Every structure is written in structure tokens, then in C-alpha cells.
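I set out to record what I looked up in this structure. The entries follow in the order in which I made them.

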Amino acid sequence: MNFTQFLLVLYARKWIVLGVLLVTVTATAVVSFLLPKEYSATTMVIIDSKSKDPVTGQLMPSQMFPGYMATQVEIIESARVARNVVRALKLDESPAIRQQFMEATQGQGSIEQWLGDLLLEKLEVEPSRESSAISIEYSGADPRFAAIVANAFAKAYIDTNLELRVAPAKEATTWYDQQIAQLRAKLDEAQQKLTAYQREKGLVESDQRLDVETARMSELAGQMVSAQSAAFDASSKVRDSGNLPEVLNSPAVQNLKAKVAAADGKLAELGRRVGPNHPEYVRLQAEANSYRSQLNDEVARATRAVEATSGAAKQRLSGIAGAFEAQKARVLELKKQREEAALLARDVESAQRVYDAALQRYSQTRMEAESTQTDIGVLNPAVPPLEPSTPRIALNIVLSVFLGGLLGMGLGFLVELWDRRVRSAQDIAELDIPLLAEVGRKIGRARPRRRLFRRERLAAA
């Protein structure tokens with residue numbers, strides 16, 4: 001079927017097409033006028049994607065992941081926000097609404113949930129593709145109520161968003177309360193142990209006894225070295241007491257040695273003259289022996305003095321060595337005490353650092369939990385609309401004309417298929433029948449537009 005045949009069919013079935021079109025447009029207009037009017041109120045909220053948290057200084061989460069806007073739309077359309085709207089507007093307190101709830105659900109379920117679902121059915125949330133704005137549209141029969149509900153959804157969304165953000169901080173604050181108490185108890189315990197140990201050992205923060213005792217031990221070490229040297233010298237003198245300068249240079253020893261030498265000289269001379277049995281010789285010999293005995297006694301006396309000096313040096317060395325060992329033990333004990341005190345002090349310092357860090361984080365978390373700042377604001381609050389959003393009579397009529405025309409043409413072609421007729425020369429040509437002539441009605445000069453085909457003469461096959 002070509003375009004000419006299409007036009008001929010439409011022209012032949014024009015009354016069917018016009019009738020269907022008229023019925024469709026009329027029915028659409030009547031229904032549009034009879035449908036209840038609904039008003040749509042729209043509020044616009046905007047999310048500040050560059051804002052920072054007033055407590056931590058970090059960027060708000062709108063820049064963290066691309067699905068943030070979709071998440072915000074889901075929050076607005078959530079049952080939690082709808083219940084908050086119901087509670088904010090006190091819709092559940094209306095006796096008429098309660099009666100409707102009882103009739104609709106037989107008293108089963110929650111009236112807040114039921115009302116929230118009804119509100120969500122007429123709510124339309126649309127995020128902007130090129131910006132961080134979200135439109136919240138609510139449709140209802142009352143324009144003023146529609147604006148109130150749209151604004152209530154915006155406020156409930158902002159409050160819910162803030163609650164979702166501070167809820168973890170509130171839970172963390174509760175946990176930190178317990179942890180802070182435990183850390184404080186550990187810090188007090190460590191401080192008490194350190195204080196008790198310092199009191200028991202007599203230690204103070206600026207204790208310099210270790211330095212004093214260490215200096216004293218160094219002094220004793222020097223004295224012990226000197227005493228060891230003195231004792232070694234005294235021992236050496238005792239082993240060679242006969243040749244000691246103290247003995248050799250003694251006046252008594254020198255005097256007795258001279259007398260012994262003189263007596264020995266006389267004995268030698270007398271022995272040559274009179275012999276050893278002479279009484280004079282015997283007397284001189286007894287005198288020499290007496291001088292020699294006195295010399296030995298004097299040497300022994302000097303030697304005993306040296307030995308006494310050596311004993312005193314050894315005794316002094318022993319005393320100094322004992323004092324050094326005692327001082328050494330005291331220094332080691334003081335070092336041990338200082339190390340134990342330092343260990344306890346480190347425990348206190350560690351507990352203090354942990355406590356301070358936890359306290360700082362607790363303060364920050366508590367500020368976050370008490371924060372009322374949000375990155376969401378109302379850009380354009382909803383106002384009662386002046387014109388209804390539905391039904392759109394003009395749009396419906398335009399659509400009905402289009403759909404009615406299509407329906408009419410379809411019905412016309414359906415009737416044409418049931419009652420097929422020859423309407424042009426092309427129809428004859430398609431039947432493979434020779435066409436002799438085309439007879440049409442006379443066309444006047446005043447109406448030349450209505451002529452569809454001109455006469456054609458075809459030779460017989």
C-alpha cells in the first residue's frame with residue numbers, strides 16, 4: 001500500500017476516524033475535569049560539598065564517594081524520615097486519621113508507619129545531575145498541606161542526617177566514659193606505687209644521694225690504692241729489715257756497732273798478745289758480747305717498729321677495703337632503687353600519656369556528639385502552589401488528540417480489511433486486471449482540490 005492508497009482509505013473511513021477521535025477527546029476532557037485536583041509543593045535542599053567539620057576540620061563525607069547523593073535520596077525516602085514527619089506534624093493525634101487507620105488496617109501495625117507509607121506514596125525526590133541540590137516534591141489535595149509536608153520532609157531529613165552523623169559519636173562517648181574511668185584508675189594506681197616506693201626508700205624527685213655516694217666510693221677507691229701501696233712497701237721492708245735505712249740510720253744502732261767494732265779490735269789485738277785465756281781477754285770478750293747483744297736488741301726493736309708500721313698499713317688497707325665494699329654495695333643498692341623508681345615512673349608516664357590521649361579523643365568525640373552543625377541547608381522552602389499539578393487538562397487533551405487519531409486510523413484500517421474495496425487504479429493493477437479507463441465524477445472549477453486522480457487511458461493488453 002502506497003501513500004495514495006493510504007489517503008484514500010482514510011478519506012473513505014473519515015467518519016470512523018473522526019468519531020473515534022471525538023469520543024477519545026471528549027472522554028479525556030470529561031475525565032480530566034472530573035478528576036480531583038492535586039497540588040505539588042517543592043522544596044529544594046542543597047549539600048555543601050566543600051564544608052568542613054567544625055570539630056575535626058575534616059571535609060564532610062559528600063566528597064568521599066560518588067554514591068553520596070543517591071544515599072541522601074534514600075534517606076529522604078526512608079521510613080525513619082517519614083515517621084519523623086508524622087511526629088513533627090502530629091498527624092497521628094488526629095481522631096479522623098485514627099479512624100481511617102482503624103478502618104484500613106483493623107488496628108494492626110503502627111499508625112506512624114501507616115501514615116509514613118501514605119506520605120511516601122506522594123513524595124517525589126529528585127537529585128540534580130549537575131549540582132549538589134535535591135528537590136523534594138509532595139503532592140496533595142490541599143496546597144497548604146502539601147507545602148507543609150514538603151518543608152517537614154526537608155527538616156526531618158536534615159535532623160535525621162545529623163542524628164546519623166552524631167549517633168556513632170554518642171556511642172563512642174559512652175564507651176570512652178568507661179575507658180577514661182579505667183585509665184584514670186590505672187594512672188592513680190601507678191602513681192600510688194611510685195609514691196609508696198619513694199616514701200619507703202626515702203627517695204625524692206631531685207635525689208642527689210647517688211652522686212654523693214658515687215663520689216665517696218671513688219674517694220675510697222683512691223685511698224685504697226694508696227693504702228695498698230703503703231702496705232706493699234711495709235711488707236717489703238719487713239722482708240729485708242736488716243738493711244732498712246730506718247735501722248741503719250738509727251743513732252743507737254750506729255753507736256752500738258761502733259762499740260762492737262772497737263771491742264772486736266781490742267780482742268784481736270789482745271788475743272795476739274796474751275791469748276784467749278787471759279782474764280783481760282775474757283773480760284773484753286764478755287763486753288763485746290754485751291755490745292753485740294745490745295745491738296741485736298736495738299735492731300730487733302727497729303725491726304718491730306717497721307713490722308708495726310707494716311701491720312698498721314695492712315690494717316688500714318683492710319679497713320679501707322671494707323669501707324669501699326660497703327660503699328660499693330650502698331651505691332649498687334641506690335642504683336637499684338633508682339632503677340626501680342625510674343621503672344615505676346615510666347609506668348606512670350606511660351599511663352599518663354594513654355590517659356591524656358584518651359581524654360583528648362574523648363573531648364573531641366563529645367564535641368562531635370553535641371554538634372548541631374550540618375552541611376545541608378534549605379535553598380528554597382516550599383510555598384502553597386497556586387495552580388494544580390494534576391490533572392493537566394491541556395496536556396491530556398493534546399495527548400488524547402494524538403492517541404485518538406491513532407486509534408481512529410487503526411479502527412478505520414481494521415474496518416477496511418473487513419470490507420476491502422477498489423479505490424484506485426493501483427488497486428486494479430495489483431489484481432493483475434487490465435484497466436481500460438477510470439470513471440470519476442465531474443469536478444467543478446470551484447473545487448479543484450478534491451480531485452484525486454486524473455483520467456488515464458490505457459491500451460488493452
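I began with a cut-off: a residue counts as exposed when its relative accessible area is over 50%, and as buried when that area is under 20%; anything in between is partly exposed. I note that the model is a predicted one.

Entry on lysine 90. I looked up its accessibility and found 52% relative accessibility, so lysine 90 counts as exposed. I located lysine 90 in the loop between H4 and helix H5 (95-105). I then checked the backbone: the phi of lysine 90 is positive, at about 55 degrees, although this residue is not a glycine.

Entry on glutamate 77. I placed this residue in the loop between helix H3 (68-76) and helix H4 (79-89). Its relative accessibility is 38%, and therefore I list glutamate 77 as partly exposed.

Entry on the whole chain. I counted 13 helices and four strands in the chain. The chain has 461 residues, and 32% of them count as buried. I noted an accessible surface of about 30,000 Å² for the chain, with 56% of it belonging to carbon and sulfur atoms. Lastly, I looked up contacts between residues at least 6 apart in sequence, and 77% of these join residues at least 24 apart.

Note on methods:
Residues numbered from 1 in each chain as written. Predicted model: local features only at pLDDT ≥ 70, side-chain atom pairs only at ≥ 80, totals over all residues. Heavy atoms only, no water. Helix = DSSP H or I, 4+ residues; strand = E, 2+ residues; numbered from the N terminus. Buried < 20%, exposed > 50% of the residue type's maximum accessible area, 1.4 Å probe, protein only. Contact = heavy atoms within 4.5 Å. Areas by Shrake-Rupley, 256 points an atom, 1.4 Å probe, with all protein chains shown as cover.
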